[in-house]
Amino acid sequence: MTENQVETRDQVLRPRPAINLDNAFFFESLNERGELSIQACDGCDQLRHPPVPMCPECNSVHWSPRVMGGKGIVHSYVVLYHPIVPPFEPGYMVAVIELDEGPRVVMNLEGIAREEVHIDMPVAITAQRMDADLVLPVARPAGGKA
């Protein structure tokens, strides 16, 4: 993330994510500080996403949020054309981004033509304001492409 800034985007409201006690920190850190935080087990230090109440490695129920560095690679992606529901437009890309720290997170991939996207492509992750109440992580090609 860059200097805890959150970009703003004008558009029709996106579907709301299901927020609960296990994942509220994820959305709060994006909204309040522009940071991508991942759940870390306090027992074995395992990073896990999506957040769950119990560590699958050591069965601990104790965890803390850990801020990620905001870089990763494209592990997988899809270009969606149909069915399209507003505010989405045909051809938008959704990617599974493998963070440098290891966990994988699903997010939109923007700032690149679909023909240029490739597996293992380096990306930078930013927090982007989708509307007044929703901030989500978005991946863009690393290295200055807009």
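I began with strand β2 (residues 37-41), which runs antiparallel to β4 and is joined to β4 by five bridges; I took strands as DSSP runs of E of at least two residues and helices as runs of H or I of at least four, numbered from the N terminus, and I counted two strands as paired if DSSP finds at least two bridges between them. Within β4, W63 stands opposite C41. The model is predicted, so that local features need pLDDT of at least 70 and side-chain atom pairs count only at pLDDT 80 or more, while totals for chains, interfaces and linings use all residues. Residues are numbered from 1 along each chain as its sequence is written, and side-chain values use heavy atoms, with hydrogens and water left out.

I then traced the sheet around β2 and found three strands in the order β3-β2-β4, forming an open sheet with antiparallel pairing. Because β3 (47-48) and β4 (63-67) each have a single partner strand, they stand at the edges, and one side of each is left without a neighbour in the sheet.

Next I followed β5 (residues 71-80), which pairs with β6 (residues 92-99) in the antiparallel sense over eight bridges, with V74 opposite I97 in β6. On to β7 (residues 104-109): this strand and β6 pair over six bridges, again in the antiparallel sense, and V106 in β7 is the bridge partner of V96. Four residues lie between the strands of the β6 and β7 hairpin, where G102 takes a positive phi near 120 degrees.

I searched the whole structure for aromatic pairs (ring centres of Phe, Tyr and Trp, its six-membered ring, within 6.5 Å; planes under 30 degrees apart stacked, over 60 edge-to-face, the rest tilted) and found three. One of them is F26 with F27, edge-to-face at 5.1 Å centre to centre and 85 degrees between the planes. Another is F88 with Y92, stacked at 4.7 Å and 20 degrees. F88 counts as buried because its relative accessibility is 19%, the limits being under 20% for buried, over 50% for exposed and partly exposed in between (1.4 Å probe, protein chains only).

Last, I looked up the contacts of L109 (heavy atoms within 4.5 Å). Leaving aside neighbours within four places in sequence, L109 is in contact with residues including V74, M93, V117 and R140.
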